[in-house]
Amino acid sequence: MNSYSLDYIDDLYVQYVRDPSSVSDTWREYFEQFLIGAKAQVTAGAGASAATSNRVHRGVSAAAGATVARSVGDGNGATAVADPYETGTSDGSTGSMVADQALWLARIQDRVDQLVREYRVRGHLIANLDPLGLSGRDCPELSPTSHGISEDDLLRPFDSSILENVSGSTLDVILTKLQNTYCRGIGAQFMHIDNRNIRDWLQKRMETTENRLDLSHQVQRRIYARLADASIVEDFVRRKFVGAKTFSLEGAETLIPMIDLALEKAGQHNVKEVVMGMAHRGRLNVMANILKKRAMNIFWSFDDPRPELSRGGGDVRYHLGYSSDWTTASGDNIHISLCFNPSHLEFVNTVAQGRARCKQDIRNDKRREEVMTILVHGDAAFAGEGVVQEMLNMSELAGYRTGGTLHIVINNQVGFTTLPEDGRSTTYATDVAKMLQIPIFHVNGEDPEAVAQVVSLAMDFRKAFHRDVVIDLYAFRRWGHNEGDEPRFTQPRMYNEIDRRPSVRLKYLERLLSLGKITADEADQINKERTEKLESEFEASKNETFVPDTQTLAANWSEYFGGPEPDQPADTSFDQDRLAGLIDKLTRLPEGFSQHKKLKRPMQQRREMSEGKRRVDWATAEAAAFASLLVEGHPIRMTGQDCQRGTFSQRHAVLHDVKTGETHTPLAHLSEDQAPLELYNSPLSEAGVLGFEYGYSLDCPGGLVAWEAQFGDFWNCAQVIVDQFIASAEDKWNRLSGLVMLLPHGFEGQGPEHCSARVERFLAMAAEDNIQVVQPTTPAQYFHLLRRQVHSKWRKPLVVLTPKSLLRHPQVTSPLKILANSEFKKILPDRKVPLSTAKRVLLCTGKVYYDLLDAREERAIEGVPIMRIEQLYPLKFQEILASLDGLEPGSEIVWVQEEPTNMGAWPYLKLNFGDELNERFKLRKATRAESASPSTGSMASHKLEQAELIDEAFAGVAG
Ligand SMILES: Cc1ncc(C[n+]2csc(CCOP(=O)(O)OP(=O)(O)O)c2C)c(N)n1
């Protein structure tokens, strides 16, 4: 017994003394017995026989004994009870055979129980996981001698109370069972799970079977056939397209039977749809053998005979998505969608999760059982990319849960040229997943039957507990990182070993042949069928008339379109009385609801807005837009950090009863038949959460899906999601999204990380009408913008720079009738100062408009209209020109922005419209000086700069 186990029992005892119900039944019973015995001994003094004492104290550890002794002693003022192991003669013998047997039992029971526990905790360390045998580990805690168990002890029959089905077995039989369970081709990590029921479930499943499935002949043949599928495709492609990049799966072909068996289980578990996310490795193989994409389409892409089809767009073949239907052996149908994927490893994870969540919501799958996600990862990427942690953290949250994801790590033990020892500080590539209360199974990829067991167990775990589960598929990479890459430059020893290894298909075939489970003829037949099929697909792909299968958008996208912005705006009006009624409803609270006293006034004001007595403010316009969409039947999902209340305490979409803590969400109580509303505070993540919402939007064309940044400054933590998905998915993959990004923006002296949503970045990536970049300045404009996003059939991501101080600015209000009856306007003219009388035009966007307005009024400046560009992109020169109609040619136009000159919209405007504007007018700028960071950290300095900016805008215009 080592100190670790003694401490463990000691701790357990202390726990028991504090609260007997906090320990397991077995331990409670044991401690009760112990105390009875201890008391008896105290009462009987030295007369109590050691044998009795030992029998009573069966299983107590030395340390626990000491604790118990202390505790009993403290309680009774009696002397400490001796450690039962120390009782008797100096050699440990009591002199009585019965007593000796009891003494041995008491000692050994503890030690064996501890050893059993060690196997459960650490057995995976010595499991036979690595086909290359490079990562073997040592674990002295698993040797019986380190627990004081002798060779002789091993041969004695023994009754373990904590292992099932071992009654009367000798210790060595018990040990063999443990080794079979925990140290063969499967290494299980599950003892970090706090919930005992879950641990027991796993233990039982593994220990009663020794973690092996009794596979039927059919299943064994099926596994072989899937291995043949996997390896023959690889072989074929390598022969026909010499040197082409495929990111071969070879060395990890067991992935294909693994997914195949997962889908079989999924069918049995009533899963109807699977969303898959995976990177480059093995993707073509998965496409061919799991998604059943016709090989002719894959082959065609290697020759790439029609360059004109993908000029400037499209993507490489190993990033493309696909979807198809799968029929399991038992006849269940599952629709599988493989997500389009950028090179950026692991970022697709939450995109896939968001898609699965949306599919569940569409199916009204409240238990989140009919749609599941399978994510395939690389070992280096899983350990290295932080977004993995973000995804895992989201997996159990009410707003993001998807009922349990199957994670498969293709662990080829190298990342490009980097070995695990240089790539991670953890024992396993999967250790980040230990943060969750879920099991992690490591499995030897050259042991297809262990793989079959693991995937069955993992899928059953997911079904039973609705949690994620991780399989770490230990394998190798037969070729270089890609097929043109020489791995022996950097991994010579590893590749010596790899070169010696036959394929897993051949190894498994040998096994089945030796067991008589398949004949050589049958195996040949399986191989021949596959090769012939591939040959015929290859020939077909060469045919000049061949047209590759490009999948169109799913059926629920049929009425929506992408491409250029349509000329016709969508009708975003809404019946005024109905809108007033909805706003009023937002102020009604359930009977007895105790509202925070500071909310009473805004609520009263909101009521007045509904009655037309007060103009509508920003937050009310947003709530009104949401409410109107919901009652029209458009679902809304909005998440973001603290978005329920709103970072600036403006939204209060979820109210909290100050007495009970109960919540009330007025937007969810508008009408019986309103569409569903999902409004969640997000975890403190940008990349993971934005990826999720983007994914959700891919399957939710008819709803409003919005993500709000705490401050616009933070979206760049999710830069990859914006660059690789939001801005470019239509161009690369022809996939549309109507996702809304709400980014609080404005220079208000709060420092360089609380001022700028870096609009210049969006404008730099804006092309081909790929996104909308909008900075609305009135509540009515915001209302129509949100409604337009749903009512237009043109689906584009919408980036909105939203206000902060303007949320409470007295001038930032709109009449209810403009919300009801108007529409979104890309450019707002100055209605007070006609262009025909203008000496100069100030052109701006966002909050600075109100600063300019104030200054113009204060300084009594005349003849300087201030125009606002509300939609920065898409924006055509003709639209700008039309809004300048009437302005004398040669007049001065000043672009005014709060941002430094190298940021904001100025670089974009100058690049796209500068020459044309200058041909007709004189364009200049009023901006902050160029700067490496967006703003000063000093409030005083901010004010000075702002005043200078306004002065510059009006410079030379007499007041
Ligand atoms: C975010 C990101 N960083 C870097 C790369 C470049 N890269 C492509 S594959 C790769 C190695 C990946 O190793 P692993 O995750 O083990 O997968 P494997 O290729 O071995 O299957 C790297 C670094 C990338 N694609 N994405």
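Modeller: Buried means under 20% relative accessible area, exposed means over 50%, and partly exposed is what falls in between. The model is predicted.

Colleague: Why does Ser-649 count as partly exposed?

Modeller: Ser-649 has 29% relative accessibility. The cut-offs are 20% and 50%, so Ser-649 counts as partly exposed. Its place is the loop between strand S11 (636-640) and strand S12 (655-656).

Colleague: What is the phi of Ser-649?

Modeller: Phi is positive at Ser-649, about 55 degrees, although the residue is not a glycine. Phe-416 also has a positive phi without being a glycine, here about 60 degrees.

Colleague: Where does Phe-416 lie, and why is Phe-416 called partly exposed?

Modeller: Phe-416 is in the loop between strand S8 (405-411) and helix H16 (420-423). Its relative accessible area is 43%. Exposed would need over 50% and buried under 20%, so Phe-416 is partly exposed.

Colleague: Why is Pro-810 exposed?

Modeller: The relative accessible area of Pro-810 is 72%, and exposed requires over 50%, so Pro-810 is exposed. Pro-810 belongs to the loop between strand S18 (798-802) and helix H29 (816-821). In sequence, Pro-810 and Arg-615 are 195 residues apart; C-alpha to C-alpha, they are 9.7 Å apart in space.

Colleague: Is Leu-798 buried or exposed, and why?

Modeller: Leu-798 has a relative accessible area of 0%. Buried needs a value under 20%, so Leu-798 is buried. Leu-798 is part of strand S18. Between Leu-798 and Val-773 there are 6.2 Å in space, C-alpha to C-alpha, and the two are 25 residues apart in sequence.

Colleague: Why is strand S20 (residues 840-844) largely enclosed by the rest of the structure?

Modeller: Five of the five residues of S20 are buried, so the strand is largely enclosed by the rest of the structure.

Colleague: Which residues of S20 point one way, and which the other way?

Modeller: Arg-840, Leu-842 and Cys-844 point one way, while Val-841 and Leu-843 point the other. In a regular strand the side chains alternate between the two faces of the sheet. In S20, the residues pointing either way are all buried.

Colleague: How do you know that S20 and S23 pair?

Modeller: Pairing requires at least two bridges between two strands. S20 and S23 have five bridges, in the parallel sense, so they pair.

Colleague: What joins strand S23 (residues 892-900) to S24?

Modeller: Six bridges join S23 and S24, which run parallel. Arg-924 in S24 stands opposite Val-894.

Colleague: In what order do the five strands form the open sheet, and what makes strand S19 (827-828) and strand S24 (922-928) edge strands?

Modeller: The order is S19-S21-S20-S23-S24, with mixed pairing. S19 and S24 are the edge strands, as each pairs on one side only.

Colleague: How many bridges are there between strand S4 (residues 273-278) and strand S6 (residues 333-338)?

Modeller: There are four, in the parallel sense. The cut-off is at least two bridges, so S4 and S6 pair. Met-276 is opposite Leu-338 in S6. Strand S5 (residues 322-327) is joined to S6 by six bridges, and these two strands run antiparallel. In S6, Ser-337 is the bridge partner of Ser-323.

Colleague: Which residue takes a positive phi in the hairpin of S5 and S6?

Modeller: Gly-331 does, with phi near 90 degrees; the hairpin has five residues between the strands.

Colleague: What is the omega of the cis peptide bond that joins Tyr-873 and Pro-874?

Modeller: Omega is about -10 degrees at that bond. Pro-874 sits in the loop between strand S22 (871-873) and helix H31 (877-883).

Colleague: Which residues form the positive surface patch?

Modeller: Lys-597, Lys-598, Lys-600 and Lys-659 form the patch. Lys counts as positive, and patch residues need over 30% relative accessible area. Lys-600 is at 49%, so Lys-600 passes that cut-off. With 50% as the limit for exposed, Lys-600 counts as partly exposed. Lys-600 is in helix H22 (residues 597-610).

Methods: Residues numbered from 1 in each chain as written. Predicted model: local features only at pLDDT ≥ 70, side-chain atom pairs only at ≥ 80, totals over all residues. Heavy atoms only, no water. Patch = residues over 30% accessible without salt bridge, like charges linked within 9 Å, V, L, I, M, F, W, Y side chains within 5 Å. Areas by Shrake-Rupley, 256 points an atom, 1.4 Å probe, with all protein chains shown as cover. Salt bridge = Lys/Arg side-chain N within 4 Å of Asp/Glu carboxyl O. Charge placed at Lys NZ, Arg CZ, Asp CG, Glu CD. Buried < 20%, exposed > 50% of the residue type's maximum accessible area, 1.4 Å probe, protein only.
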